[in-house]
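Subject: Structure handover and notes

Hello,

Here is the structure for your files. My notes on it follow below; please read them with the coordinates open.

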Amino acid sequence: MPEISIRELAGRLPDGATVAIPPSRSGVALAATRALIDRKARNLHLIAIPTSGIQADMLIGAGCVATMECAGVTLDEHGQAGRFVAAVKAGSISLRDSTCPALVSGLQAGEKGIPFMPMRGLIGSDLLKYRPDYQVIDNPMADDPDPIVLLPAITPDIALFHAPLADRNGNVWIGTMRELMTMAHAARQTLVTVEEITDTDLMRDELRAPATIPSLYITAIARAPGGSWPLGLPGCHEPDNEELARYAAASRDAESFASWLGPVGV
Amino acid sequence: MDCKPQELLIFTIARMLEGIEHVAVGVSSPIPGSAALLQRSLSAGRTQVTVLNSRNLQTLNDGAGELFDRAAQGRIGAFFLSGGQIDGHANINLVGIGDYPRHRVRWSGSFGSAMLYYLVPRVILFREEHTRRTLVDQVDFISAPGTSPPEIHRPGGPYALVTGRCVFMFDRDKARFTLISIHPGHSLDEVRENTGFVFDLADNVTETPMPDNATLALLRGPIAREIADPYPAFAQQVFGV
């Protein structure tokens with residue numbers, strides 16, 4: 001698979017797309033996110049698998065997002081995701097609140113090519129009340145009444161993430177970040193940035209193959225060393241907590257955010 | 001030895017974990033995390049602990065869904081939840097204050113609560129701030145309800161609510177909290193004044209027991225070093241490690 005630039009990769013993600021993104025502790029493609037902001041992406045429908053942080057907050061702050069589906073958006077110990085909170089209060093993004101396992105289960109239904117997945121919980125919560133797409137049925141396998149929630153399959157247009165390693169054939173090694181595998185399986189296209197590209201065939205490496213996404217699922221790869229900065233990448237980089245704290249402070253108001261972001265599209 | 005308020009809370013929660021085989025600890029939970037580690041140590045390892053987002057204290061390697069699969073199978077005996085608001089029926093609100101979706105105050109979201117609260121047998125609610133702002137008569141948004149009608153599959157639910165002032169146990173049949181102990185230096189009047197919901201009183205409301213010196217030494221030594229993995233700032237602030 002030919003390697004492309006981060007800028008080209010961002011160009012492959014069209015306006016209006018439904019985009020699955022991983023949680024902050026997993027492989028968040030922040031260099032590519034910056035490229036999306038620079039190309040002035042608009043009207044994105046983000047689906048956090050199952051939560052997000054700085055990535056969703058940056059995209060929302062930069063005006064790229066129409067819909068946010070998530071179980072939470074937070075800057076963790078650095079505090080609130082300021083641009084997310086401001087957009088929700090202003091009603092400038094449409095919000096689809098959920099709970100972590102519902103997003104994972106919906107994605108698993110997408111991965112399996114089935115229309116829905118049942119899940120325990122949710123009944124009696126206001127989350128369910130505001131999600132007309134979540135339906136309650138009576139468990140057809142039980143003798144006694146047993147209401148259970150059905151979650152529609154999630155089939156994102158794009159999965160976008162950052163991983164430690166790819167090979168020349170386009171296979172991508174994700175280590176323990178298994179949610180990235182589910183994302184790639186469920187999404188129609190998968191755009192990946194990686195720390196490095198190896199000449200070894202990862203699918204022929206017994207130790208790494210179980211944690212490798214076969215190139216069949218991969219649409220494009222760009223090399224982006226440190227591409228999750230200021231977030232970390234398990235096994236590769238620690239989070240840059242000073243920069244994350246700076247971001248958290250900047251995200252509190254539109255002006256500070258704009259100055260943190262700097263000139264866009266140059 | 002003088003016991004810090006956080007140490008008392010850790011010890012109090014640890015005592016609630018006795019006999020649990022596997023305790024999971026979610027994000028933003030340094031005090032419950034320390035409690036789980038203390039219980040692991042006191043039980044000589046019989047209680048296993050998984051701390052999310054830690055390097056050395058987590059036992060998950062199958063992606064974002066594995067914790068929930070474990071809960072659904074009954075493999076997690078205890079978990080911790082909190083709330084921007086918690087009400088007298090143990091409903092929790094992690095979403096916001098005011099009308100949904102354009103809340104006056106918006107928090108980060110419900111995370112795994114809307115499933116784990118139903119399935120983990122012993123969910124301990126923990127909220128250090130004990131005021132009428134946090135402990136309310138009725139939450140503005142139910143991220144997860146405290147109780148469910150009998151036809152709902154619900155092996156789990158709230159067990160207790162630990163705050164900076166006291167300990168309540170939750171009665172699932174009555175859907176009410178009962179005050180069982182008040183932390184040293186606090187009073188029943190103060191608890192009443194700062195609680196927005198009605199609660200029952202145990203026959204014998206006691207002073208919350210303090211850890212002994214050996215337990216404090218354990219906490220300040222090995223446990224402090226362990227909790228510094230996921231929560232370095234907390235470990236530094238409370239234990240100076």
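Strands β2(A) and β3 (residues 65-70) of chain A pair in the parallel sense, over four bridges; pairing here requires that DSSP finds at least two bridges between two strands. Helices (H or I, at least four residues) and strands (E, at least two) are DSSP runs, numbered from the N terminus. Opposite Glu69(A) in β3(A) stands Ile47(A). The unit made by β2(A), helix α3 (residues 54-61) of chain A and β3(A) is a right-handed β-α-β unit. Right-handed means that, with the strands pointing away from the viewer, the path from the first strand over the helix to the second runs clockwise.

This is a predicted model, in which local features need pLDDT of at least 70 and side-chain atom pairs count only at pLDDT 80 or more, while totals for chains, interfaces and linings use all residues. Residues are numbered from 1 along each chain as its sequence is written, and chains are lettered from A and ligands numbered from 1 in the order in which they are written.

β2(A) also pairs with strand β1 (residues 18-21) of chain A: four bridges join them, and the two run parallel. Thr18(A) has His45(A) as its bridge partner in β2(A). Between β1(A) and β2(A) the chain passes through helix α2 (residues 30-38) of chain A, and this β-α-β crossover is right-handed. Four of the five residues of β2 (residues 44-48) of chain A are buried, so the strand is largely enclosed by the rest of the structure. A residue is buried if 20 or more other C-beta atoms lie within 10 Å of its own, exposed if 12 or fewer, and partly exposed in between, with C-beta atoms placed from the backbone.

Thr33(A) lies in helix α2 of chain A. Is Thr33(A) buried or exposed? Thr33(A) is buried, with 26 other C-beta atoms within 10 Å. Leaving aside neighbours within four places in sequence, Thr33(A) is in contact with Gln55(A), Met58(A) and Leu59(A), where contact means that the C-beta atoms, placed from the backbone, lie within 7 Å. Gly63(A) is 30 residues from Thr33(A) along the chain, and their C-alpha atoms are separated by 12 Å.

Chain A as a whole has nine helices and twelve strands. The radius of gyration of chain A is 19 Å, close to the 18 Å that the globule rule gives for 266 residues, so chain A is as compact as a globular protein of that length. That radius is taken over C-alpha atoms, and the rule is 2.2 Å times the number of residues to the power 0.38. The C-alpha trace of chain A spans about 60 × 50 × 30 Å along its principal axes. Of the 266 residues in chain A, 53% are buried. Among contacts in chain A with a separation of 6 or more, 72% are between residues 24 or more positions apart.

Chain B has seven helices and 13 strands. For its 241 residues the globule rule gives 18 Å, and the radius of gyration of chain B is close to that at 17 Å, so chain B is as compact as a globular protein of that length. Buried residues account for 48% of the 241 residues in chain B.

One open sheet in chain B has three strands in the order β5-β4-β9, with mixed pairing. At its edges stand β5 (92-93) and β9 (135-136) of chain B, each with a single partner strand, so one side of each is left without a neighbour in the sheet. Strand β4 (residues 85-87) of chain B is joined to β5(B) by two bridges, and they run antiparallel. Gln85(B) stands opposite Asn93(B) in β5(B).

Regards

Conventions:
Contact = placed C-beta atoms within 7 Å.
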